[in-house]
Amino acid sequence: MTKRALITGVTGQDGAYLAKFLLDQEYEVFGTYRRSSTPNFWRLDALGVIDKINFLHADLNDMASLLEAVTVSEPDEIYNLGAQSFVGASFEAPLLTGDVDGLGAARVLEVVRSINPKIRIYQASSSEIYGNVANVERGLTEETPMLPVSPYAAGKLYAYNLVRIYREGYGLFAANGILFNHESPLRGLEFVTRKITNAAAQISLGLRNKLELGNLEARRDWGFAAEYVQAMWKMLQLDKPSDYVIATGSSYSVQDVLVTAFESLGIDWQKYVTVDKRQMRPLDVHNLVGDSSKAKADFDWNPATSFKELIESMAAADYDRWRRRIDGEVFPWDAPSYPSESVFLTRGPQK
Ligand code: NAP
Ligand code: F7E
């Protein structure tokens with residue numbers, strides 16, 4: 001029988017890759033979207049899946065909309081990817097972030113518990129929940145104590161704990177994926193990798209001449225998003241639910257991203273980059289390295305794309321976009337479109 005999956009945050013980077021992956025596995029895919037005055041389906045358009053997803057309006061702040069989405073979609077699996085996902089912005093909007101990222105997960109768990117406790121739940125947890133722990137170089141595991149240093153991470157830690165509590169207390173099949181940073185050409189422009197690759201592409205084509213960044217010394221364990229969404233799915237196919245670190249095991253600095261991106265396009269970053277204090281956070285995580293041995297042992301997950309390949313592919317994709325734009329080509333994000341009307345669902349069970 002065809003399996004059905006509901007993805008919150010389907011319009012985001014991971015939502016788009018996961019939707020494509022699940023469609024390739026012959027799932028029927030339902031995705032929640034937020035109402036906005038400008039369509040935001042460009043990633044799904046870019047991956048060629050925009051008209052293959054059943055869209056439901058839902059907001060993680062709005063319990064009634066989640067109830068409706070789960071009732072209508074009748075999923076076997078829910079992937080809770082929706083979030084205010086930008087750590088920097090969480091310092092400016094701590095209440096909203098806690099509501100969406102923390103209480104939002106609680107609402108999803110409660111809806112599942114009351115409608116159908118057999119639904120399997122993936123919760124998008126994050127390496128940010130560790131904060132600045134000691135001995136990072138040995139690799140952070142599922143057993144490492146967590147000490148968040150941002151409102152984003154605090155909200156995600158609340159959600160992480162709730163998933164464990166609902167799993168142990170109510171027997172739900174709920175799993176936390178503690179994913180370390182993962183990037184792609186579909187990454188949002190506010191995140192540092194894409195901010196850098198996009199600027200490097202523009203600079204190399206003479207479209208701009210400066211880039212302002214914050215903390216160049218911060219180090220992260222950066223992997224490729226399309227590989228990470230496969231781990232999400234694998235976690236929900238196991239006999240027993242658990243929590244898993246998903247990471248490459250190596251960390252690189254923001255400056256390493258700069259050097260790699262700019263060199264790949266034949267430019268010297270030092271001529272263009274300045275440090276802007278406004279890009280700094282009140283608190284920042286200094287370094288993150290994950291150890292995903294448990295994921296390897298339990299479902300044979302391994303990252304394949306190296307840091308260099310990842311950043312170079314992002315820089316090449318941004319260069320290609322800008323080059324083609326100069327040549328007059330129109331892109332999904334330039335001329336945003338809606339999916340066809342038939343894929344928007346409203347009320348009543350749809351089979
Ligand atoms: P993203 O590109 O920022 O996507 C976030 C998604 O959440 C978007 O579809 C957004 O919708 C949706 N959303 C925001 N507020 C919402 C609300 N109130 N109700 C429902 N949906 C809402 O993030 P991502 O990189 O794909 O990350 C996916 C998830 O993994 C997030 O939970 C993130 O916190 C977590 N995570 C990401 C990473 C990473 O490195 N990428 C690592 C660890 C964990 P709009 O399109 O309408 O804004
Ligand atoms: O910052 C530093 C910044 O915003 C990375 C999210 O997907 O991964 C992501 O969170 C580092 C930080 O990602 C700029 O201070 C310097 O130290 O790209 P980022 P993040 O904060 O690591 C985790 C795992 C998630 O869960 C999140 O959802 O880069 N940095 N200069 C900068 N960062 C940004 N954004 N912009 C700068 O100009």
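Trainee: Is helix α7 mostly covered or mostly open?

Mentor: In this predicted model, α7 is mostly covered, with 10 of its 13 residues buried.

Trainee: Which residues are those?

Mentor: The buried residues of α7 are T193, R194, I196, T197, N198, A199, A200, A201, Q202 and I203.

Trainee: And what covers them?

Mentor: The cover includes the strands β7 (182–183) and β8 (211–213), together with the helices α9 (254–264) and α11 (307–326).

Trainee: What happens just after the helix?

Mentor: Just after α7, G206 takes a positive phi of about 75°.

Trainee: Turning to the ligands, which residues are closest to ligand 1?

Mentor: Ligand 1 is surrounded by 24 residues, and the closest are T11, R34, N40, S85 and Y152.

Trainee: Which polar atoms meet the nitrogen atoms of ligand 1?

Mentor: A polar side-chain atom of D59 lies 2.8 Å from a nitrogen atom of ligand 1. For L60, a polar backbone atom is 2.8 Å from a nitrogen atom of the ligand.

Trainee: What about an oxygen atom of ligand 1?

Mentor: There, a backbone N or O atom of D14 lies 2.8 Å away from an oxygen atom of ligand 1. On its own, ligand 1 has 900 Å² of accessible area, and the protein covers 89% of it.

Trainee: Which elements give two or more residues to that shell?

Mentor: They are α1 (13–24), β5 (120–126) and α6 (151–170). The largest share, three residues, comes from β5.

Trainee: How do the shell residues of ligand 1 divide by type?

Mentor: Eight are nonpolar, 11 are polar and five are charged.

Trainee: Now ligand 2: which residues come nearest?

Mentor: Of the 23 residues around ligand 2, the nearest are S85, S126, Y152, R281 and D284.

Trainee: What does D284 do there in terms of atoms?

Mentor: A polar side-chain atom of D284 lies 2.6 Å from an oxygen atom of ligand 2. A backbone N or O atom of V192 also lies 2.8 Å from an oxygen atom of this ligand, and a backbone N or O atom of E190 lies 2.9 Å from a nitrogen atom of ligand 2.

Trainee: How much of ligand 2 does the protein bury?

Mentor: The protein buries 96% of the 700 Å² that ligand 2 exposes when taken alone. The shell around ligand 2 divides into nine nonpolar, seven polar and seven charged residues.

Conventions. Residues are numbered from 1 along each chain as its sequence is written. Chains are lettered from A and ligands numbered from 1 in the order in which they are written. This is a predicted model: local features need pLDDT of at least 70, side-chain atom pairs count only at pLDDT 80 or more; totals for chains, interfaces and linings use all residues. Side-chain values use heavy atoms; hydrogens and water are left out. Buried means under 20% relative accessible area, exposed over 50%, partly exposed in between (1.4 Å probe, protein chains only). Helices (H or I, at least four residues) and strands (E, at least two) are DSSP runs, numbered from the N terminus. Contact means heavy atoms within 4.5 Å. A residue is near a molecule or strand if one of its heavy atoms lies within 4 Å of it. A polar contact is a pair of N or O atoms within 3.5 Å; within protein, one must be able to donate a hydrogen and the other to accept it, and residues adjacent in sequence count only if both atoms are side-chain atoms. Accessible areas come from the Shrake-Rupley method with a 1.4 Å probe; for residues, only the protein chains shown count as cover. Ala, Val, Leu, Ile, Met, Phe, Trp, Tyr, Cys and Pro count as nonpolar, Asp, Glu, Lys and Arg as charged, and the others, Gly among them, as polar.
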